[in-house]
Amino acid sequence: GGAVRSVLALPAFRRILVVSALIQGSHAAYYAFGSIHWEEAGVPAGAIGLLWAWSVVAEVALFAWGRGIADRLGPRGLAFLAAAAGVLRWGIMAETVALPGLVVAQALHALTFGAMHLATMRVMQAAIPAGIAGTAQTLLAAGIGGVTMAGTLVTGQVFAAHGSMVFWGMAAMCVIAVPGARLLPRPYADRP
């Protein structure tokens with residue numbers, strides 16, 4: 001209806017939708033096949049569980065103590081950071097199952113997921129009028145979910161044929177997001 005058209009008419013929403021869907025969607029192979037890949041490579045089950053927990057710790061740490069960084073970087077800087085971290089993270093996942101590398105890759109979840117989430121929320125808060133904010137959140141979730149679902153379907157076939165090389169495809173999604181990230185706002189001057 002009218003609220004959907006109003007949201008989609010906002011350039012800031014369209015930009016953050018595309019950038020967020022690409023970077024968040026780049027997690028598709030990781031969520032679906034990360035543990036399977038590690039298990040097949042001989043990583044012990046206990047270590048796999050700790051790796052997942054470590055990614056959550058890193059993400060929570062960013063949300064708890066990263067406001068100053070987020071304020072300095074603004075949505076554009078946060079999205080660039082998320083994209084760069086995605087290229088590094090998915091490259092590590094493609095090339096190694098050595099625990100030190102995996103620990104670094106999992107710490108990068110704070111940036112690939114967390115920094116992109118913060119960028120998205122800042123754009124949404126600044127650019128979306130309150131009367132259509134619910135519709136915008138719904139469209140955002142549908143866009144991210146749709147890209148992640150499509151990514152999972154595609155990466156299943158790639159993972160079956162090429163194993164860990166599927167993560168280079170996820171890195172490519174982060175690279176593709178960079179031109180859109182350049183169009184996001186710099187730090188908002190009116191933020192406390």
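Predicted model: local features only at pLDDT ≥ 70, side-chain atom pairs only at ≥ 80, totals over all residues.
Let me begin with helix α9, residues 166–181, and its packing against helix α2, residues 11–25. The axes of these two helices lie 8 Å apart, and the angle between them is about 160°. Because angles over 145 degrees count as roughly antiparallel, α2 and α9 are therefore described as roughly antiparallel to each other. Their crossing is left-handed. On the α2 side, the contact is made by Val19, Ala21, Leu22, Ile23 and Gly25. On the α9 side, Met170, Met173, Ile176, Ala177, Gly180 and Ala181 take part. By class, the residues of this contact comprise 9 nonpolar and 2 polar, with no charged residue.

Helix α9 also packs against α5. Here the axes come within 8 Å and cross at roughly 165°, so α5 and α9 are likewise roughly antiparallel to each other. This crossing, too, is left-handed. The residues that α5 brings to the contact include Phe80, Val87, Trp90 and Met93. Those of α9 include Phe167, Trp168, Met170 and Val178. Of the residues in the contact of α5 with α9, 15 are nonpolar, 2 polar and 2 charged.

I turn now to α5 and α7. Their axes come within 7 Å and cross at roughly 135°, which means that α5 is oblique to α7. The crossing is left-handed. From α5, the residues that meet α7 include Arg67, Ala70, Leu78 and Arg89. Among their counterparts in α7 are His109, Ala115, Leu118 and Arg122. The contact of α5 with α7 divides into 13 nonpolar, 3 polar and 4 charged residues.

This brings me to the largest pocket. Its volume is about 190 Å³. Which helices each supply at least two residues of its lining? They are α4 (45–65), α5 (67–95) and α7 (109–127). Helix α7 gives the most, with 4 residues. The lining has 10 residues altogether, and those nearest the centre of the pocket are Arg67, Ala70, Leu118, Arg122 and Gln125. Of these, Arg67 and Ala70 of α5, together with Leu118 and Arg122 of α7, also belong to the contact between α5 and α7. By class, the lining consists of 5 nonpolar, 2 polar and 3 charged residues.

To close, I return to the helix angles: α9 is roughly antiparallel to α2 and to α5, whereas α5 is oblique to α7.

Key
Residues numbered from 1 in each chain as written. Heavy atoms only, no water. 1 Å grid on protein atoms, 1.4 Å probe; cavity = no way out; pocket = protein on both sides within 12 Å on 5 of 7 lines; lining within 4 Å. Points joined across faces, edges and corners; volume = space filled by probe spheres on them. Nonpolar A, V, L, I, M, F, W, Y, C, P; charged D, E, K, R; others polar. Axes fitted to C-alpha atoms, helices over the stretch in contact; angles between N-to-C directions. Parallel < 35°, antiparallel > 145°, perpendicular 65-115°, else oblique. Left-handed = near helix turned anticlockwise from the far one by under 90°. Contact = heavy atoms within 4.5 Å.
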